[in-house]
Amino acid sequence: MNCWTRRRTPGREEKEDMARTKVRPLGHCSRCTRAWWPGASDEDQWNTVHKGGRLTGYLCPQCQTPEENAEAEVKAALVDYDHPITDADGRVRLAPRGGWHSVAVGTHSVVQSDPAVHLALGIENSQLHIGVAAHTDARLHDLFSETCAVHVRTELDRVGARPGHRTLTFTATDGLPPTNVLVVEDRAACTDGDRGEMVVLVSRQMTPHLLAAFAPPVADSIRAALRDT
Ligand SMILES: [Zn+2]
């Protein structure tokens with residue numbers, strides 16, 4: 001089945017690139033063959049046509065049926081076209097608006113600046129960013145769904161985290177943005193170095209897209225924490 005999407009308006013940098021190079025059409029309409037010119041008044045009304053994740057053509061505003069036009073409008077509202085990712089077999093993947101299609105691990109500024117923070121997770125530009133601290137419990141990857149756990153385990157190895165015996169509790173708070181989750185140390189409950197309690201902090205307005213990052217039992221605990229507060 002064909003899928004009709006609306007190309008996003010080019011950003012400033014792209015426009016500068018176009019100005020530097022000789023202006024060429026972005027493509028040609030698959031029905032009437034007219035050229036899609038960058039900078040034209042109808043530029044952002046053109047649809048790109050994809051089949052199985054591959055770009056197969058373009059449709060000018062005049063040639064789009066009302067259904068094709070409406071479908072592209074709806075998708076532009078629901079799908080983040082600004083941050084596509086191309087997978088190993090050349091398919092373009094897009095995330096829902098506010099969601100994520102890929103995982104990036106690395107040092108997170110919050111993890112570096114606050115020793116009480118063991119792990120920070122957030123959605124940015126359709127990517128799930130995860131940062132872990134070297135002093136955390138190496139078993140933390142158990143919290144995550146299969147897709148994420150692989151990345152987290154590799155990162156925990158890289159930073160040299162060691163297995164501990166901490167217990168976990170779940171708390172919903174107003175103090176976090178909806179797109180972030182933190183795993184922090186509960187200092188009050190911390191009796192000795194690696195046997196303290198860790199708290200998974202989620203926002204009361206947490207985006208449901210984040211639940212997919214966690215293993216099913218953990219996602220259930222998060223849902224329960226959201227219900228209880
Ligand atoms: Zn046309």
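In this predicted model, a polar atom of the Asp-137 side chain sits 2.8 Å from the backbone nitrogen of Arg-139, a polar contact being a pair of N or O atoms within 3.5 Å, where within protein one must be able to donate a hydrogen and the other to accept it, and residues adjacent in sequence count only if both atoms are side-chain atoms. Residues are numbered from 1 along each chain as its sequence is written, and side-chain values use heavy atoms, with hydrogens and water left out. Because the model is predicted, local features need pLDDT of at least 70 and side-chain atom pairs count only at pLDDT 80 or more, while totals for chains, interfaces and linings use all residues.

Asp-137 belongs to the loop between β10 (127-132) and α4 (146-159); helices (H or I, at least four residues) and strands (E, at least two) are DSSP runs, numbered from the N terminus. With 3% relative accessibility, Asp-137 is buried (under 20% relative accessible area; exposed is over 50%, partly exposed in between; 1.4 Å probe, protein chains only). Leaving aside residues up to four places away in sequence, its contacts (heavy atoms within 4.5 Å) include His-118, Arg-162 and Met-198.

On to the aromatic rings: the whole structure holds three aromatic pairs (ring centres of Phe, Tyr or Trp, the last by its six-membered ring, within 6.5 Å; planes under 30 degrees apart are stacked, over 60 edge-to-face, the rest tilted). Trp-36 and Trp-46 are stacked, since their centres are 5.2 Å apart and their planes at 0°. Trp-36 and Tyr-58 pair edge-to-face, with centres 5.4 Å apart and planes at 65°. Together, Trp-36, Trp-46 and Tyr-58 make one aromatic cluster.
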